[in-house]
Amino acid sequence: MTLGSLLVLAAAVFAIGLFGVLARRHAIGVLLSIELMFNAVNLAIVAVAWSRGLLAGVVLVLFGIAITVAEIAVGLALVLLASRVRRTAILDELSDLSG
Amino acid sequence: MRQVAFWALAAGLVAAALTVVTAKSLFRAAFALSAALVATAGLYVFLSAPLLAAVQILLYTGGVLTLVVFALVVAGGNVETARFRRPVPAALMAAAVFVALVAPVRALTHATPTAGLGDGKAVGLLLFRDYLVPFELLSVLLLAAVFGALMLARKDRPA
């Protein structure tokens with residue numbers, strides 16, 4: 001268990017999440033993938049904090065978790081609104097602004 | 001023993017992450033996400049941050065999973081019709097980002113001495129002494145998010 005292996009693990013999870021954000025078709029699937037990417041970043045922060053003994057990194061991740069919960073609450077409210085107004089939450093059918 | 005447990009958690013995390021992005025049923029994806037978050041909490045225990053692990057499970061996993069399952073039940077349309085949208089460019093993009101992220105890591109793999117993180121008491125003191133103002137601002141943000149979500153999702157919205 002070294003800093004290097006932890007950072008490679010975090011990078012792998014981040015890349016998997018990025019694939020989900022780009023390829024998922026349902027809005028909630030994209031939100032789940034964003035959570036995955038966020039979790040990978042948290043893991044990288046904690047790994048670096050652990051290797052350097054930086055306690056402030058733990059506080060940073062605590063704040064990050066709380067902000068993410070706020071973000072997903074608003075994001076899911078938007079999805080609910082879209083699915084009620086437009087009867088769909090598939091992102092390709094919600095692309096009116098893309099010209 | 002520690003090594004085995006660590007690699008088991010790492011493998012579980014990657015497997016759960018792959019399930020999140022590939023599962024056809026969004027319920028299954030949501031539960032795979034909670035498995036990934038719990039595996040990460042296990043890694044936090046290894047990184048001597050048990051407080052963070054507890055917060056991760058209670059707040060993050062519990063909160064996110066509840067919200068997502070609730071939204072799936074209300075919004076319906078659980079199963080996606082076609083699997084992916086343009087999977088090949090997306091996979092290439094993800095692979096490129098992975099390579100770019102890993103490239104600089106290789107240089108520091110042998111810088112192994114680790115300092116550890118101490119106990120939860122020190123984190124609590126840091127949080128409520130040095131970072132008290134951001135902490136209070138965070139509560140305002142959470143309140144604003146709750147109001148925003150209520151406004152967006154309520155049915156009899158004034159036009």
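Predicted model: local features only at pLDDT ≥ 70, side-chain atom pairs only at ≥ 80, totals over all residues.
**View 1. Chain A as a chain of three helices.** Chain A holds 3 helices and 0 strands, and its elements follow one another as α-α-α from the N terminus on. The C-alpha trace of chain A spans about 50 × 25 × 20 Å along its principal axes. Its radius of gyration is 17 Å, whereas a compact globule of 99 residues would have one near 13 Å. Of the 99 residues in chain A, 58% are buried. Where contacts in chain A link residues at least 6 apart in sequence, 48% of them join residues at least 24 apart.

**View 2. Helix α3 of chain A and the residue Arg87(A).** The helix α3(A) comprises 30 residues. From its first C-alpha to its last, α3(A) reaches 44 Å, close to the 44 Å expected at 1.5 Å a residue. Arg87(A) follows α3(A) and has a positive phi, near 60°.

**View 3. Chain B with its helices and domains.** The secondary structure of chain B consists of 6 helices and 0 strands, in the order α-α-α-α-α-α from the N terminus on. Two domains are assigned in chain B: domain 1 covers 1-81 and domain 2 covers 119-159. The centres of domain 1 and domain 2 of chain B, taken over C-alpha atoms, are separated by 23 Å. Buried residues account for 25% of the 159 residues of chain B. Among contacts in chain B between residues at least 6 apart in sequence, 51% join residues at least 24 apart.

**View 4. The loop residue Ser48(B).** Ser48(B) is placed in the loop between α2 and α3 of chain B. The phi of Ser48(B) is near 55°, which is a positive value in a residue other than glycine. Ser48(B) counts as partly exposed because 17 other C-beta atoms lie within 10 Å, a number between the limits of 12 or fewer for exposed and 20 or more for buried.

**View 5. The contact between chain A and chain B.** Chain B contributes 77 residues to the contact, and chain A contributes 61 residues. On the side of chain B that touches chain A, two or more residues come from each of α1 (2-22), α2 (26-46), α3 (50-75), α4 (87-102), α5 (120-130) and α6 (132-153) of chain B. The greatest contribution to this side is that of α3(B), with 13 residues. By residue type, the side of chain B that touches chain A divides into 61 nonpolar, 12 polar and 4 charged residues.

**View 6. The largest nonpolar core.** The largest nonpolar core has 77 residues, and Ala10(A), Val46(A) and Val58(A) are those with the most contacts inside it. At least two residues of this core are supplied by each of α1 (3-23), α2 (27-52) and α3 (56-85) of chain A, and by each of α1, α2, α3, α5 and α6 of chain B. The helix α1(A) gives the most to this core, with 15 residues. The core lies between domain 1 (1-81) and domain 2 (119-159) of chain B, because both domains give residues to it.

**View 7. The surroundings of Ala10(A).** Ala10(A) is one of the residues with the most contacts inside the largest nonpolar core. Leaving aside residues up to four places away in sequence, Ala10(A) touches Ala40(A), Leu43(A), Ala44(A) and Ala47(A).

Notes:
Residues numbered from 1 in each chain as written. Chains lettered and ligands numbered in written order. Contact = placed C-beta atoms within 7 Å. Helix = DSSP H or I, 4+ residues; strand = E, 2+ residues; numbered from the N terminus. Nonpolar A, V, L, I, M, F, W, Y, C, P; charged D, E, K, R; others polar. Domains from an automatic or database assignment. Rg over C-alpha atoms; globule rule 2.2 N^0.38 Å. Core = buried A, V, L, I, M, F, W, Y, C linked by C-beta atoms within 7 Å. Expected span 1.5 Å × (residues − 1).
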